[in-house]
Each structure stands twice: as C-alpha cells, then as structure tokens.
Amino acid sequence: MSMEATELQDLSDDADYAASQQQGSASMMRSDSGKRSLQSEHEDAVLIYLKDNVAIHPTQFASERISGRLKLTKQDSVLFLSWIPYKGQTSNAKLSEKDRSLYTITAVPFTEVRSIRRHTPALGWQYVIVVLSSGLAFPPLYFYNGGVREFLAMVKQHVFLARSSEDQNVFIVNDFQSPLQRTLSSLELPSSLPVASGQSVYPLDGGSSSENQRRTSSDVGNRVSSVSQSGFRKQKSHDPTRDLSIHLLEKFSLVTKFARDTTTQLFSENNGFGSIDKRWNNQPVHSYPEKLSNIAEEKHHEIRHSYSENDLLKDDEISYIDVPADPLEFDKLSLMWGKPRQPPMGHKERRNDISPSIKCRISTEYFTALLDSEGRVVESKALRERVFYGGIEHQLRREVWPFLLGYYAYDSTYAEREYLRSVKRMEYATLKQQWQSISPEQAKRFTKYRERKGLIDKDVVRTDRAFEYYEGDDNLHVNSMRDILLTYSFYNFDLGYCQGMSDYLSPILFVMEDESESFWCFVALMERLGPNFNRDQNGMHTQLFALSKLVELLDSPLHNYFKENDCLNYFFCFRWILIQFKREFEYEKTMQLWEVMWTHYLSEHFHLYVCVAVLKRCRSKIMGEQMDFDTLLKFINELSGHIDLDSTVRDAEALCIEAGENGAASIPPGTPPSLPLDDGTLYPQEDDVL
Amino acid sequence: MSYAYLFKYIIIGDTGVGKSCLLLQFTDKRFQPVHDLTIGVEFGARMITIDNKPIKLQIWDTAGQESFRSITRSYYRGAAGALLVYDITRRETFNHLASWLEDARQHANANMTIMLIGNKCDLAHRRAVSTEEGEQFAKEHGLIFMEASAKTAQNVEEAFIKTAATIYKKIQDGVFDVSNESYGIKVGYGGIPGPSGGRDGSTSQGGGCCG
Ligand SMILES: Nc1nc2c(ncn2[C@@H]2O[C@H](COP(=O)(O)OP(=O)(O)O)[C@@H](O)[C@H]2O)c(=O)[nH]1
Ligand SMILES: [Mg+2]
C-alpha cells in the first residue's frame with residue numbers, strides 16, 4: 001500500500017502524467033517507475049476543459065476539503081477525466097498528503113464511465129458524482145464556483161450522454177451495457193454526436209464490444225488482432241458522417257442482440273435465472289478471498305463483484321493503481337456476448353413434496369424428449385447447446401455424460417447402447433482379470449505393477465474423502481476407484497497411472513454409479529486428456545503454451561506483464577489445466593463446469609478461455625501489486641473456492657466468441673483435449689519406473 | 001503480523017512420504033490422515049522465533065510424482081531452505097534421495113539449507129531404512145538430518161526450526177546478501193541484522209498464521 005501511495009503522489013502532480021497514461025498503445029505497461037510514461041509523447045493529449053476550485057470532502061465536515069483542478073483531456077478520440085489536488089493546500093492539517101493522493105483521479109477514460117449524477121441544490125454547493133462502469137463511484141466533486149451545467153454540456157459535446165429515464169439528474173455515458181430501453185433512448189441523441197468537431201467520440205477499435213454476434217468470425221478475429229497489436233487505433237483523418245453511421249450501426253446491432261436475448265428470456269421458463277436486468281442490477285457475488293484484498297484492491301474497480309454499489313458509494317477512500325487498460329474492456333464484454341445461464345437441463349421447480357424418484361423421472365423424461373423413438377439423439381448440437389448454457393440436472397448426468405465423453409455415439413439407438421454396455425462390461429471384467437490374476441510370486445518380479453498399485457492404493461485414499469460418497473474406512477466406492485485406475489493402467493499400460501487421474505475419476509464414478517460404465521467413461525475422457533498425464537508433460541506444456549497465446553491475443557498488456565516478470569511458463573495455471581479446475585470449485589460446481597466444457601460447443605478448448613477469464617478478472621490486482629512468479633502462484637492457488645462459476649463461464653464464452661478464429665488459430669493442432677493425431681504410439685514412454 | 005525475516009521453504013521428496021502431513025503438523029499442530037493428495041503446490045505459513053526475532057516461514061509443499069518434476073523444479077527458485085523427506089518404511093523413497101538432491105542442487109541457490117527428514121518414525125516396526133543410513137547419507141551430502149513423525153509430531157517442530165536457525169546463522173555469518181531475494185529471504189521491517197530488534201507483535205512460537 002505504502003508503495004502505491006507514494007507512486008501516485010510522485011506522479012499525480014505532473015499535469016501531463018495523467019494524459020500520458022493513456023498513450024495510444026493499449027499495450028503500454030504500468031508506470032512502475034514513472035519513467036516510461038513520462039517519456040511518452042505529450043503532445044497527443046488535448047486539453048478540452050479545465051475547472052479550478054473543484055473539491056472533495058473526505059469527511060462530513062465541510063471545513064475539511066481538498067481542493068483541486070478538474071480537467072477533461074482528449075487523446076486519440078478518447079475523453080479523459082482527471083482531478084488533481086493542489087499541492088500542499090489542504091484546508092485542514094488532519095488531511096495528510098496521503099489523503100490527497102488517495103483521491104487523485106488520474107485520467108479515467110470515459111469509456112469506463114457509466115454515469116454522472118449531478119446535484120444542483122438551490123442552496124449549497126453543486127456537485128457531481130462520477131460512477132464507473134464497474135459500479136465504483138468517485139467521491140462527490142464539489143464545484144465551489146458553480147459550473148456543473150457547463151461541465152456536463154462540455155462532456156456532452158464529446159461523448160454520448162443520455163439522461164436516465166428514471167432520474168432526471170443522472171446522465172448515462174456511452175450507454176452500451178445497459179438494458180434495452182436505455183440503449184434505445186440514447187439512439188435519440190444524435191445531437192450529442194460531435195459531428196461539428198469532426199472527431200470520433202470513442203475508439204472504434206477499442207473493444208466497445210458493440211458488434212453483432214452474427215458477425216463473421218474472421219471479422220471478429222481481425223478486429224481482435226488489431227486491438228492486440230495497436231490498442232486504440234489512431235484516427236488521423238475523420239469522416240464525421242462515417243463515424244456517425246458507424247455509431248448508429250453499432251447501436252442498432254446492439255439493439256438486435258439485446259432484443260434477441262430479451263425475447264429468449266421472455267420465452268424461456270420463468271425460473272428466476274438471471275435476466276439481463278437482473279444481472280446488471282444484482283451483480284453475482286464474485287467474492288475473491290477476503291484476506292487477499294488490501295486497501296488498494298478494495299478500491300479498485302475490478303473487485304466490483306464483491307461489493308454492492310452502496311458499499312462502494314459509502315467508500316471514501318478511492319485510489320487507483322495505474323494498470324494498463326484492458327484492450328477488450330472486459331467488463332462490458334461478458335454482457336455483450338455471454339448469454340445468461342439457464343437452469344440445468346432437466347430442471348423442474350423444486351418442490352419439497354416431490355420425492356426424489358419422481359424428480360428423477362421428470363428429468364429422464366426431459367432427456368427422452370430429445371431422442372427419437374429408437375433412442376438416437378436427434379440433434380446433438382442442440383443437446384450440446386442446451387448443456388453448454390445451463391449444465392445438467394444431477395439425476396440426468398448418468399444419461400448424458402457418456403454421450404458428452406464420447407463413450408456413447410449420439411446416433412446410437414437404445415438397443416445398440418444396451419448391447420454396448422454388455423459387451424463393454426465383459427471387456428472390463430477381462431481387463432480387470434489381468435491384474436487380479438497376478439500372484440504374489442509374480443508380483444515380486446513385476447516392479448512396475450507393484451509400484452503402480454502402491455501409488456494407486458495411496459492415492460485413492462487421498463481423493464475426495466471429505467465428500468460423502470467416498471467417506472469412511474473401507475468405503476466400497478474407494479475400492480471401485482482403485483480397481484478402475486489399476487485396470488486402466490493395464491488397459492493403457494504406456495500411460496499408466498499419474499496423479500490427478502483420481503480427481504477425474506471421482507465425479508465420474510459418483511455420477512455413473514457403476515464400475516464398468518465409469519471405467520469406459522474414464523477411458524473416453526483419457527482419449528482426450530491422457531496427454532495431461534504423459535511422463536514428459538508435453539500435453540500440459542502445449543496447453544500452457546496455447547494459454548499464453550490466448551492471453552497474448554485477448555489481453556496483450558497482461559501478456560507483456562507476464563513476459564517481463566518471468567511468468568510466461570504459466571505454471572501458475574498448472575493445476576487449473578491438469579484437472580480442469582477440480583480443485584478450484586466445490587464438487588457440484590466442478591461437475592457443472594466439466595459438462596459445460598465437455599460439450600465442446602464453442603470450442604474444444606473452452607477450458608483455456610475459462611483460464612483467461614479468471615486471469616482477466618484478476619488482472620489489475622496482478623499487475624497493480626506487481627506480483628512476481630511466487631506471489632502470483634500463491635495468489636492463484638488461493639483463488640480456490642472463491643471463483644464464481646456462472647459469471648466465469650459467461651466471461652469465458654464472451655472471450656471465446658470475441659477471439660473467434662484468431663483464438664482457434666492460437667491453439668496449436670493436437671492441443672489436448674483435441675483427439676490426438678493417430679500415429680500408432682499414443683504415449684511414448686521412456687523406459688523407466690512408473 | 002510483522003517479521004524480521006521471511007524464509008521460503010520447499011518440501012520435496014517422493015509422493016506419499018508424508019510431506020503434506022509434516023506441513024500440517026507444523027502449521028496446525030494436527031495429524032490429518034485423510035486429506036487430498038497434492039497437485040502442483042500448496043502453501044503453508046507460520047511464525048517462529050529465533051534469537052528473539054520473529055521469523056515467518058512460507059512453506060511450499062510440492063507434488064512428488066516423477067511426472068511433475070519439471071514443474072516442481074520451477075518452485076526451487078528463491079528457496080532458502082528445503083526439507084527433503086523420505087519414508088523410513090519404504091526403501092525406494094530413500095533410494096530416490098540422490099536424484100532429488102541433484103534437482104535441488106541444480107535448480108536452487110547454492111546456499112540453500114537442506115534438512116533431510118526420515119518420516120514416519122512412529123512405524124519403527126516397519127522400518128526399512130536404519131537411522132544410521134540416514135545419518136550417513138546426510139553426512140556425505142552435507143545435510144542436516146532428523147527422523148520425525150508427522151503423526152506423533154515427534155521432531156516436526158524441531159526440523160523446521162533447526163532449518164530456520166541454520167539459515168539465520170548463515171545470515172549472521174554474512175553468507176547471504178539478504179537484500180537479494182533470490183536467496184529466499186525477505187527482510188521485514190526493522191529486521192536489518194543487528195542486536196535485538198524488539199518490536200510489536202507476538203514473538204512467541206506457534207500459532208497458525210497463514211498468508
Ligand atoms: N504412520 C504415519 N503415517 C504418516 C505419517 N505422515 C504421513 N503419513 C501417512 O502417509 C500418507 C501420505 O501422506 P502425505 O502427507 O499425503 O504425503 P505426501 O504425498 O508426501 O504429501 C497419508 O495417508 C498419511 O496418513 C507419519 O508420520 N506416520
Ligand atoms: Mg502432499
């Protein structure tokens with residue numbers, strides 16, 4: 001904390017510092033030393049507005065105030081707001097230098113401002129409250145010499161400003177992320193377009209995320225790559241009419257998107273699962289670990305999920321660590337792309353008077369409706385889509401997981417599956433016999449077997465034992481798990497057994513409740529994820545590499561940060577990928593996430609987008625606190641149990657769509673869980689123990 | 001809580017030798033036979049007192065399986081101390097010590113203090129490695145040695161603290177440049193080497209302090 005405060009203090013008095021913070025390139029790094037940003041070209045920032053004697057009251061006492069200068073600057077078509085307190089002029093000795101720097105507003109781009117509330121009482125001072133799209137609000141800025149009206153008029157000349165229909169005194173800025181009506185109302189404001197000044201209002205490439213979802217993916221891809229390369233593309237020559245029409249087009253496409261979602265919402269079951277409005281007004285609680293937050297972070301906008309807006313408004317210690325802006329404006333992204341989750345497939349209103357067996361029947365009936373008379377899945381894509389957007393009711397998982405995992409073919413009939421099960425049951429028994437028939441004398445001469453068995457024995461008793469299904473001594477399910485793993489290590493002798501496998505098997509066995517069926521589901525999963533456990537770890541390395549490519553594409557400042565801090569190996573995401581977040585979520589949530597990922601609905605590599613989504617949620621903490629490899633690893637480890645699943649999946653969906661083909665192209669062919677290219681030997685092993 | 005120094009420790013050794021149990025016994029003073037196996041790395045921390053100075057130990061507990069060695073190696077960076085653990089009831093875990101040591105020598109800083117621990121000494125009836133062998137190995141390789149039990153807590157406290165004391169002595173002797181964090185030592189406030197640094201905070205041993 002002390003370090004950040006000092007930095008702000010050092011730099012906040014430099015009038016040009018603020019503007020230089022947002023130099024053209026979005027990949028500009030945090031000014032930890034201040035050097036880099038101070039060197040940058042100052043001439044790009046244009047001063048638009050300046051108001052002296054604008055003050056903040058840190059306490060309720062009117063006598064305690066910090067006066068300063070409010071400025072609007074413009075750079076590369078982006079309008080910035082800053083408020084810099086005057087040096088050494090606090091009216092009260094109790095207010096320290098630290099307080100002054102704490103309140104400094106350092107060049108906040110209006111793309112991050114959600115609304116401005118004005119208070120122009122007949123008696124008393126006028127003030128405005130600036131609310132960021134993150135929900136965070138700056139403390140009231142008091143205009144001691146009046147002028148709130150003029151200030152708003154000036155803002156209106158440079159950004160969209162729409163008066164809220166609910167409150168006359170609230171003006172909504174660049175109103176992309178708000179519900180349908182607001183979007184419509186802002187369409188009525190062409191007069192606020194800066195046609196006269198001939199300048200574009202906000203960066204067209206700046207990730208304002210207002211494209212139509214139906215854009216071709218290559219289109220989306222191109223856009224992303226230009227963002228990651230150059231950040232806000234500079235608009236040297238402006239064609240006002242072109243800008244105007246693009247704005248309107250963007251608005252309309254947005255309307256289309258909202259209209260579609262809203263309609264879907266209206267027609268879907270009335271189940272109370274977040275509508276757009278609901279999500280906005282009632283943010284899901286994201287709650288990152290309490291103990292991890294320090295003062296700086298609590299004030300920072302990315303933690304918004306942990307706090308209600310009221311808390312934030314009460315908060316009187318707002319400060320900023322300067323972290324390079326997210327080129328994708330990630331906060332808006334998920335609202336734009338990620339659809340609201342639906343209730344799990346097969347879900348019915350939970351009533352206490354319905355017995356579990358009836359509930360189970362209802363769920364099963366729901367699934368049966370997706371099959372033709374002989375039991376084929378009529379449209380696998382529809383099934384996968386349904387699961388992707390809401391998961392599966394637990395009772396139904398048994399039916400659906402074998403399809404998702406590839407053990408059952410979607411076009412198989414009831415009869416064929418029945419037959420498959422019986423054949424596979426026999427095959428499993430045969431495989432199991434292979435090790436069961438090993439005599440003690442034979443075992444003595446079979447080191448590899450002994451070692452594997454020893455390891456598996458040790459590990460099954462260290463797998464989810466706190467979970468009811470595997471609790472207690474001599475638990476039969478634990479024994480089944482051991483048998484399956486040992487059998488698998490014979491079925492796939494080259495791969496053998498590796499730690500982490502039991503983490504995958506545990507939910508599968510819990511869901512399938514049958515040893516043979518669980519075994520074959522596990523086999524199917526390992527067809528894709530076996531490389532995670534390969535001795536040379538190549539499967540892990542490819543995925544970590546692909547992840548680094550995706551972060552480079554979707555958040556180049558963060559990528560650069562990792563690069564500069566020797567974190568590019570992404571080992572801090574190792575556990576996430578090895579066992580697909582099993583240790584990060586509670587049991588039920590893990591199963592939900594898995595079935596969503598296993599649909600391969602948007603991408604086979606959806607799990608990597610989930611990684612990016614979580615990293616992006618923490619980006620300002622990571623960069624703001626200048627985490628080194630060790631700190632980062634510890635931080636990521638401690639996120640376990642504190643990640644909100646639904647919003648993370650939505651964010652991942654948004655990123656996946658946003659990345660489009662460029663995303664897919666960042667992932668080398670054959671990266672797990674893609675099926676391996678068949679070259680005969682699946683798991684080349686060194687001839688060595690285990 | 002403030003500290004004079006923070007030492008980074010890493011616990012290494014074959015899987016199942018009791019690394020996680022040793023850590024839990026040290027940080028929480030309990031033996032929990034039922035817990036999940038370690039994937040990647042897990043963290044623990046505790047304050048101890050050496051020479052009247054509060055010292056925070058940040059401990060990295062690693063996964064032991066062979067396949068994960070390439071990942072584990074990246075954790076050595078900046079460790080001041082290592083606990084190299086084997087299981088006295090499983091000979092092979094003792095036989096693998098040399099390869100663990102090689103990893104440590106290669107990837108950790110040269111001045112890292114290594115404590116060799118023969119764990120599960122409560123299972124004397126199943127002993128497969130004698131105390132003398134352990135001592136001998138330690139002597140040959142310049143390690144500190146102790147037999148311990150995460151189950152009975154025997155020597156657990158001692159092992160962690162003796163390692164810290166050794167590191168502390170090296171600091172006093174000027175072996176480390178403590179301002180260089182690659183040695184796995186961070187200086188806390190007012191903790192610059194010198195005579196008694198009486199400060200705030202509880203300086204008594206114990207207490208599970210995480211973070
Ligand atoms: N009897 C006995 N058992 C132990 C001791 N330490 C660990 N164990 C057991 O050994 C198993 C593996 O321990 P764990 O700490 O998970 O090993 P790790 O893989 O090295 O972390 C656990 O099931 C413990 O019950 C010990 O000191 N005495
Ligand atoms: Mg362990």
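Mentor: Start with how metal donors are picked: they are N, O and S atoms within 2.8 Å of the metal (3.2 Å for Na, K and Ca), and water is not among the atoms, so sites may look incomplete. This is a predicted model, where local features need pLDDT of at least 70, side-chain atom pairs count only at pLDDT 80 or more, and totals for chains, interfaces and linings use all residues. Residues are numbered from 1 along each chain as its sequence is written, chains are lettered from A and ligands numbered from 1 in the order in which they are written, and side-chain values use heavy atoms, with hydrogens and water left out.

Trainee: OK. Which residues coordinate the magnesium ion?
Mentor: S20(B) through OG and T38(B) through OG1, at 2.1 Å. The pair links distant parts of the chain, 18 residues apart. S20(B) sits in helix α1 of chain B, and T38(B) in the loop between α1 and β2 (41-50). Helices (H or I, at least four residues) and strands (E, at least two) are DSSP runs, numbered from the N terminus.

Trainee: Is S20(B) buried or exposed?
Mentor: Buried, at 17% relative accessible area. T38(B) is buried too, at 7%. Buried means under 20% relative accessible area, exposed over 50%, and partly exposed in between (1.4 Å probe, protein chains only).

Trainee: And D36(B), where is that?
Mentor: In the loop between α1 and β2 of chain B. D36(B) is partly exposed, with a relative accessible area of 29%.

Trainee: Which side chain has a polar atom 2.9 Å from a ligand 1 oxygen?
Mentor: S20(B). S149(B) has a polar side-chain atom 3.4 Å from an oxygen of the ligand. An N or O atom in the side chain of N119(B) is 3.3 Å from a ligand nitrogen. Taken alone, ligand 1 exposes 580 Å², and the protein buries 90% of that. Those areas come from the Shrake-Rupley method with a 1.4 Å probe.

Trainee: Now the fold. How many helices and strands are in chain B?
Mentor: Six helices and seven strands. Of its 211 residues, 58% count as buried.

Trainee: Why is strand β4 of chain B largely enclosed?
Mentor: Seven of the seven residues in β4 (residues 81-87) are buried, so the rest of the structure largely encloses the strand. Both faces are covered: G81(B), L83(B), V85(B) and D87(B) on one side, A82(B), L84(B) and Y86(B) on the other.

Trainee: What does β4(B) pair with?
Mentor: β1 (residues 5-12) of chain B, parallel, over four bridges. Seven bridges also join β4(B) to β5 (residues 113-119), again parallel. Two strands pair if DSSP finds at least two bridges between them. I12(B) has L84(B) as its bridge partner in β4(B), while A82(B) is partnered by I114(B) in β5(B).

Note on methods: A polar contact is a pair of N or O atoms within 3.5 Å; within protein, one must be able to donate a hydrogen and the other to accept it, and residues adjacent in sequence count only if both atoms are side-chain atoms.
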